[in-house]
Amino acid sequence: MAEAAEKKVEYGGCLCGAVRFTATPADREVGACHCSMCRRWSAGPFLVRDCGTSLKIEDAKSLGVYRSSDWAERAFCKTCGTPLYYRLIDKDTYFVSAEAFDEVSDIAFTSQIFIDEKPRYYDFANKTHNMTGAEVFAAFGPPEDWAKG
Ligand SMILES: [Zn+2]
Ligand SMILES: [Zn+2]
């Protein structure tokens, strides 16, 4: 687990800079989702930080939003294509791309979900807490309450 640290406002944005945001992540931890939708959308496992309801987009005119399921949407920059966040619509909670933050030096990679959907051609060497899709649903409720879709 990452060291307990004071929550603070952090800054980030897309590759071209058209979309900039602030957020206050819940902790200093990064989780990976290996589900087939995240992998196709983000060109790899989607590495995220739980930002709760704290995400604020500075100027949304370059923000594209794709409704990927009944309960979730995914947003990206319409100019450069950077994936930015996964949002649970009902709860208005955001899982923001860890790599969209400007500062990535003091965060820890601690969890992996949908590990059963991970293709065999890659493996992270990090020691993390890993959960299958079924374990995620058992722990956090049905898909509409969690990061799949
Ligand atoms: Zn951009
Ligand atoms: Zn996923």
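Q: Which residue in β9 is the bridge partner of R87?
A: This is a predicted model, so the pairing is read from predicted coordinates. β8 and β9 pair in the antiparallel sense over 4 bridges. In β9, the residue bridged to R87 is Y94.

Q: Which residue in the turn between β8 and β9 has a positive phi?
A: These two antiparallel strands make up a hairpin, with 4 residues between them. The turn residue with a positive phi, about 55°, is D92.

Q: And which residue has a positive phi in the turn between β7 and β8?
A: Here 5 bridges join the two strands, which run antiparallel. They form a hairpin with 5 residues between them. In that turn, a positive phi of about 85° belongs to G81.

Q: What stands opposite R74 in β8?
A: β7 and β8 are antiparallel neighbours joined by 5 bridges. Across from R74, the residue in β8 is Y86.

Q: Is β8 largely enclosed by the rest of the structure or left open, and how many of its residues are buried?
A: Let's apply the cut-off: a residue is buried if 20 or more other C-beta atoms lie within 10 Å of its own. By that test most of β8 qualifies, so the strand is largely enclosed by the rest of the structure. The count of buried residues in β8 is 5 of the 6.

Q: What is the order of strands in the sheet of 8 strands?
A: This sheet is open and its pairing is mixed. Its edge strands are β6 (63-67) and β11 (129-131), each pairing on one side only. From one strand to the next, the twist averages 30°. Read across, the order is β6-β7-β8-β9-β4-β3-β10-β11.

Q: Which residue in β9 is bridged to R49?
A: β4 and β9 run antiparallel and are joined by 3 bridges. The partner of R49 in β9 is V96.

Q: What is the bridge partner of Q112 in β11?
A: β10 and β11 also pair in the parallel sense, over 3 bridges. In β11, Q112 finds its partner in N130.

Q: Why is one side of β1 and of β5 left without a neighbour in the sheet?
A: The sheet in question is an open one of 3 strands, β1-β2-β5, with antiparallel pairing. β1 (10-13) and β5 (56-57) stand at its edges, so one side of each lacks a neighbour because each has a single partner strand.

Q: Which residues are in contact with V48, leaving aside its neighbours within four places in sequence?
A: Contact here asks for C-beta atoms within 7 Å. On that basis, the partners of V48 are V30, G31, C33, Y86, F95, V96, S97 and A98.

Q: Is W71 buried, exposed or partly exposed?
A: W71 is found in the loop between β6 and β7. G149 is 78 residues away from W71 in sequence, but their C-alpha atoms are 7.5 Å apart. With 18 other C-beta atoms within 10 Å, W71 is partly exposed.

Q: What radius of gyration does the protein have?
A: The C-alpha atoms fill a box of roughly 35 × 35 × 30 Å along the principal axes. For 149 residues, a compact globule would have a radius of gyration near 15 Å. The protein agrees with that, at 15 Å.

Q: How many helices and strands does the protein have?
A: From the N terminus on, the elements run β-β-β-α-β-β-β-β-β-β-β-β-α. That order holds 2 helices and 11 strands.

Key:
Residues are numbered from 1 along each chain as its sequence is written. Chains are lettered from A and ligands numbered from 1 in the order in which they are written. This is a predicted model: local features need pLDDT of at least 70, side-chain atom pairs count only at pLDDT 80 or more; totals for chains, interfaces and linings use all residues. Two residues are in contact if their C-beta atoms, placed from the backbone, lie within 7 Å. Two strands pair if DSSP finds at least two bridges between them. The radius of gyration is taken over C-alpha atoms; the globule rule is 2.2 Å times the number of residues to the power 0.38. Axes are lines fitted to C-alpha atoms, for helices over the stretch in contact, and angles run from 0 to 180 degrees between N-to-C directions. A residue is buried if 20 or more other C-beta atoms lie within 10 Å of its own, exposed if 12 or fewer, and partly exposed in between; C-beta atoms are placed from the backbone.
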